[in-house]
Amino acid sequence: MLLKKNIPFGYVLGKVKFELLIILVYSATIAVIHQWFLKLPISIPLAVPTILGTVISLLLGFRSNQAYDRWWEARQVWGAIVNDSRTLARQVLAFTESQFEEDEVHQLRQRMVRRQIAWCYALGQSLRRLNPASGLDKYLSRRDLESLSRFNNVPMALLDQQARDLRRGLEEGFINRYQQIEMDRTLTRLCDAMGKCERIKNTVFPSTYSLYIHFSLLLFICMLPFGVIDYFGFLEVPLVVAISACFLLIEKMAIHLQDPFENKPTDTPMTAIAGTIERDLRQMLHDQDMVEEKRPESFYYIL
Amino acid sequence: MLLKKNIPFGYVLGKVKFELLIILVYSATIAVIHQWFLKLPISIPLAVPTILGTVISLLLGFRSNQAYDRWWEARQVWGAIVNDSRTLARQVLAFTESQFEEDEVHQLRQRMVRRQIAWCYALGQSLRRLNPASGLDKYLSRRDLESLSRFNNVPMALLDQQARDLRRGLEEGFINRYQQIEMDRTLTRLCDAMGKCERIKNTVFPSTYSLYIHFSLLLFICMLPFGVIDYFGFLEVPLVVAISACFLLIEKMAIHLQDPFENKPTDTPMTAIAGTIERDLRQMLHDQDMVEEKRPESFYYIL
Amino acid sequence: MLLKKNIPFGYVLGKVKFELLIILVYSATIAVIHQWFLKLPISIPLAVPTILGTVISLLLGFRSNQAYDRWWEARQVWGAIVNDSRTLARQVLAFTESQFEEDEVHQLRQRMVRRQIAWCYALGQSLRRLNPASGLDKYLSRRDLESLSRFNNVPMALLDQQARDLRRGLEEGFINRYQQIEMDRTLTRLCDAMGKCERIKNTVFPSTYSLYIHFSLLLFICMLPFGVIDYFGFLEVPLVVAISACFLLIEKMAIHLQDPFENKPTDTPMTAIAGTIERDLRQMLHDQDMVEEKRPESFYYIL
Amino acid sequence: MLLKKNIPFGYVLGKVKFELLIILVYSATIAVIHQWFLKLPISIPLAVPTILGTVISLLLGFRSNQAYDRWWEARQVWGAIVNDSRTLARQVLAFTESQFEEDEVHQLRQRMVRRQIAWCYALGQSLRRLNPASGLDKYLSRRDLESLSRFNNVPMALLDQQARDLRRGLEEGFINRYQQIEMDRTLTRLCDAMGKCERIKNTVFPSTYSLYIHFSLLLFICMLPFGVIDYFGFLEVPLVVAISACFLLIEKMAIHLQDPFENKPTDTPMTAIAGTIERDLRQMLHDQDMVEEKRPESFYYIL
Amino acid sequence: MLLKKNIPFGYVLGKVKFELLIILVYSATIAVIHQWFLKLPISIPLAVPTILGTVISLLLGFRSNQAYDRWWEARQVWGAIVNDSRTLARQVLAFTESQFEEDEVHQLRQRMVRRQIAWCYALGQSLRRLNPASGLDKYLSRRDLESLSRFNNVPMALLDQQARDLRRGLEEGFINRYQQIEMDRTLTRLCDAMGKCERIKNTVFPSTYSLYIHFSLLLFICMLPFGVIDYFGFLEVPLVVAISACFLLIEKMAIHLQDPFENKPTDTPMTAIAGTIERDLRQMLHDQDMVEEKRPESFYYIL
């Protein structure tokens, strides 16, 4: 989302180099047998791979669309997290009555805004199946941090703490009843965003579709040399490899896009987004110990 | 949604093995007649099955899209159920005034959160046309359970009970008027989710479309041997079977995806999702008799 | 939505039997002339109908998508009506203060819930261009029923009566000001659902598109015999009829789907849905004179 | 939206008759030269126009989809305007306290409902680039009408007047604070609908896409005669004209659909919709001087 | 969005002239070698580029769709900004109690409306990576302007200032508690719109997809001459160039559409939209020093 560095071409090609090697050997073998040993009567009309090619194009198009939609939805959800984090911070700062501009209100503000930052990091880490609570001690009080250990779902527990602080704010009179409801709604939207991320993470693309597409693709590639051997001779080998690479890369691409939270170099740059949120929220809070801006993680490429 | 185990390939192939057997016999018969008995002048130009192949590809693409959309909507709805269950629990816990941290409030909280868990199980079971009230005695009071028997639609009755408890909470002064409205909205969203599941369950995919697609597919498969017999001879048999399998599997796949609540091994893992909701809500509630985590049902595959 | 009975195949085929008869005669005439009288030099390269076939496939795909979207939106709207009817009933029952559990409140509840049932039937009938007020006397008071006669749009008038009852409830103190607003929002959503149904009903699919698709289809069917006559001889006749049937049925199917409120056997089963709503709402209301469950209308097929 | 009369076929064909004439002359010239003067060696393999035909089909499909989406969104927005107009009227009538059923409240109600009718007409006229204020004197007071002259955007000014009347209603005690907010939300939705219409009106479809599609189409049509001249001779002329008409009509159709507010016979029937809104709102208001129902404008066809 | 002037054709063609030159030389070389020096046995069956052509069409269609969606979403977001700016101004003017029609309220109104204008300009400039604060001194007080310098994200800081003014208004009694919440919601929507723009700006289209499409396109163009050289001879050169131009322009078009905030002549006309907002809001405010209407920037074309 924030990283414009391209993926080196080698990285991409590396993903299919094993398959391409096998295809190279396979098509070369056919060419050698056909040219040197015996003119096999094996050439088939090009129309047969053409039918298969059309079907596969449609299937790959269908799959690319679904994979892109998952990837784009993941970005949208994290975009919504950015928005709602800012909204929550704005509400925390602007709703709490200014006549109470004393220590207790100040602490409530700071606690809630920092907890929101912590929530963003915790969500990113838990989606990548890392320890969600690691590194949160900078943002949370010791007591909050300890109570997290009881929960499997750390971000949910943080939202729960936010809601408890809201009740405390209402009871102390820092916010009024309408403001509590309105900020609870912001928490509800954050809860929805969290649930959407989990849904995308936990719902696998129907694996049988993947299987069929892969199976059809193999059938197509196996037939291709027989369809063009009569016209090209040895030139058939690079042609088959190039066309296969073209299809395989699209398939591989879709596989990458469809799982946007897999802790791979190509997933959603959640740490970088959380860093931006931290910067913005700290500036809103006039936070003294302003951290130096986080470098976006260099390990992750942007897809 | 939570189950990553693949469907064994055999299970998938099993779905079309009967059709494939017939096609095997059919195409073998044609090959035998053509090769051994008489060179029939029956070969037809490949362009004819090609036209049909294009049409069928488009139709299957259309159908796959609609089926995937239904399946994905089902997942989205259950994702929303997870979110709103958590939101309801958070609101129940954080809205009820803490100065009333006495027994009566505690009971209200426990009753409402447990009823929400019951609602999730009841919805899953009623969508699978099982007895919706079975197993709910762990979560509901005897009185609530009895009053359910009067209703055809059990989850709706549970929402109704939640709303009555909210009114009781307002009358007792545990929650204020804004909080009642806000929690009623969460109930409204749960009611919407329930209605969406019922809509997907009860709306069949236009059966005439299915019929046309199947009919066109049969026409295409019947023609295919005549289009390739001249080029392949006996090799025609595996080719026709492979291409037919390719199309038939896609059709079968769409049929599976389009009915995501049918109590088949491949449907939405509603029991597992409800189990996750139960775990999260119980942790929020500090529930002592924390159940051991439910094993996700082993009978269901994830699609 | 609730009716799983398939449309008999004959009903479907009946829709295109006239067209197919003409095509049969047309293609048979060509075959007869070509085979018996003179070998006409009229055969054309198959590529020409192939180009047309691709175009038509895309157009039919476009049209099927739009028609399906209309049909699916109609179902979604009626699904939303189910949800909002239940929500309104839940709110009517749970918002009215229980200390007023006396006769007047009871009457208000009963009046509003029954009027909601009446609204569902009235909307269904007015979308089918039947008399919207017929059969509503079971649900409405005589006074309400009379005041409807002044309105062209009966369902809108019913919503208006609901809103007036809400004001009365507020003035009598049965509900508070927040509850009035919240229930008015439910009315707003019902008003939106009604407007969406009217939009789908009143917006015709661009008729020029239909015309072009039909025109291209005719061109394609007229050319088809000339493209295959050389290869098939008399076998051309069943082939042309089969392929034409395939295309014509898809076109006819789209025409049916795109108008989901036309009082045809294949439209949205609104009466059955309203019957389900009636059952659920009456059970919530503990309605003594519980009607026997309405049989879904046998005249309508489910598409 | 409300007009079912079809566009006469001549009107449609008239849109492309100039292009078709040129194509007729062009293809006839080629046929004449080829047949009478010299057998040109200019015939090209049909595969070349086939490739182009596929590309153009996809581009036209893309364009048709986008154009249809714009057209359908325009209808949806006007559907939402119908809904929100009814909602506003319902709220105006049901929120104002009935104990104030005196003259002042009555005037407020009448003023606001009539202004809403005026707003619908004004929006339709301003989208068609007509004078938005013409004909509004029937619905607005002289003072309101005069204050409009200061604004470029008349519908926005009317919404502003509605909001001012709401404040007046609050200050006079006719409505309470929650009702003011709720009705302001209805105004916000009307403001959104207005902005969406302006967006569709002011955002042109990317003109370079249109250019490319037109350019590819010309290339395709220019090649077509050379691809089929060998097979058809003089029959090539009607064939090329028919296929060209088929493509050109689709392009023309998309051009019409994509601009739904252009004061052409085929645009959104905004005046008719506003007429329906007027009828419904006047009936809700018990308006004595009920106007005879407006005839839908006969100048506009429904697309 | 507001600029209807077409992009000159030369500008468009200029984008691909370099590529077309190379293709011209390449195809001419092949033609020369083939015709004059030696009849190379290099012609390949047209079916091979046809398969590739189909794949590329689908990929370009996929890409065009995604690019168009990004472009259209950008327009929608700016449309929403127009709506919410008007809504905010309407609320500022209509919510503040008229009995306070004194200087202080007047100043609050003016400050908030002008700050909203400033926000629109600042967002546009920050999306184009220009100095977001330049030119805002016309709309903001000196103190507001200074406090912006502390923030990286200027529009976010402006929203923060709006929220603080709302609190001040509540504390002074100019607005009530419900109105504060309602106007805060408008700020939340503006915050969402801002976040959506940033998401579109910062999320690059998956670069590997672009790479594959470009790679497949090159393969296709390289093969094309060999597929048609036998039929066309020297006429092959213009044909290859024309078909290549057709594909390349579509690819280029998609690249332009997919980045709608890049300060190129073809991006979203944000300054013009902000100018319209300024005009409307100033008219609502009865702003004396009404600026002459901003000329839309002549540098930007509308796409």
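## Working through two chain contacts

Chain E and chain D share three salt bridges, a salt bridge being a side-chain nitrogen of Lys or Arg within 4 Å of a carboxyl oxygen of Asp or Glu. This is a predicted model, where local features need pLDDT of at least 70, side-chain atom pairs count only at pLDDT 80 or more, and totals for chains, interfaces and linings use all residues. Residues are numbered from 1 along each chain as written, chains are lettered from A in the order written, and side-chain values use heavy atoms, with hydrogens and water left out.

**Exercise 1.** Describe the contact between chain E and chain D.

*Step 1.* Start with a salt bridge: Glu182(E) pairs with Arg185(D), and their closest N and O atoms are 2.8 Å apart.

*Step 2.* Now see which elements take part. On the side of chain E that touches chain D, α3(E) has the largest share, 20 residues; helices here are DSSP runs (H or I, at least four residues), numbered from the N terminus.

*Step 3.* Sort that side by class and you get 29 nonpolar, 17 polar and 13 charged residues. Ala, Val, Leu, Ile, Met, Phe, Trp, Tyr, Cys and Pro count as nonpolar, Asp, Glu, Lys and Arg as charged, and the others, Gly among them, as polar.

*Step 4.* Count the residues: 59 come from chain E and 54 from chain D, with contact meaning heavy atoms within 4.5 Å.

*Step 5.* Then take the area. About 5,500 Å² is buried between these chains, 64% of it from carbon and sulfur atoms; that is the accessible area (1.4 Å probe) the two parts lose on being put together, summed over both. In chain E, Tyr68(E), Arg90(E) and Tyr178(E) lose the most area to chain D, together 12% of what that side buries.

**Exercise 2.** Work out how chain E is laid on chain D.

*Step 1.* Apply a turn of 72° and a shift of 0.0 Å along the axis, and the RMSD is 0.0 Å.

*Step 2.* Check the surfaces: the copies use different ones, as 5% of the contact residues of chain E recur in chain D.

**Exercise 3.** Describe the contact between chain A and chain E.

*Step 1.* Chain A gives 59 residues and chain E gives 54.

*Step 2.* Together they bury about 5,400 Å², 64% of it on carbon and sulfur atoms.

*Step 3.* Of three salt bridges, one joins Arg86(A) to Glu198(E), with the closest N and O atoms 3.1 Å apart.

Methods:
Least-squares fit on C-alpha atoms with pLDDT ≥ 70 in both. Helix = DSSP H or I, 4+ residues; strand = E, 2+ residues; numbered from the N terminus.
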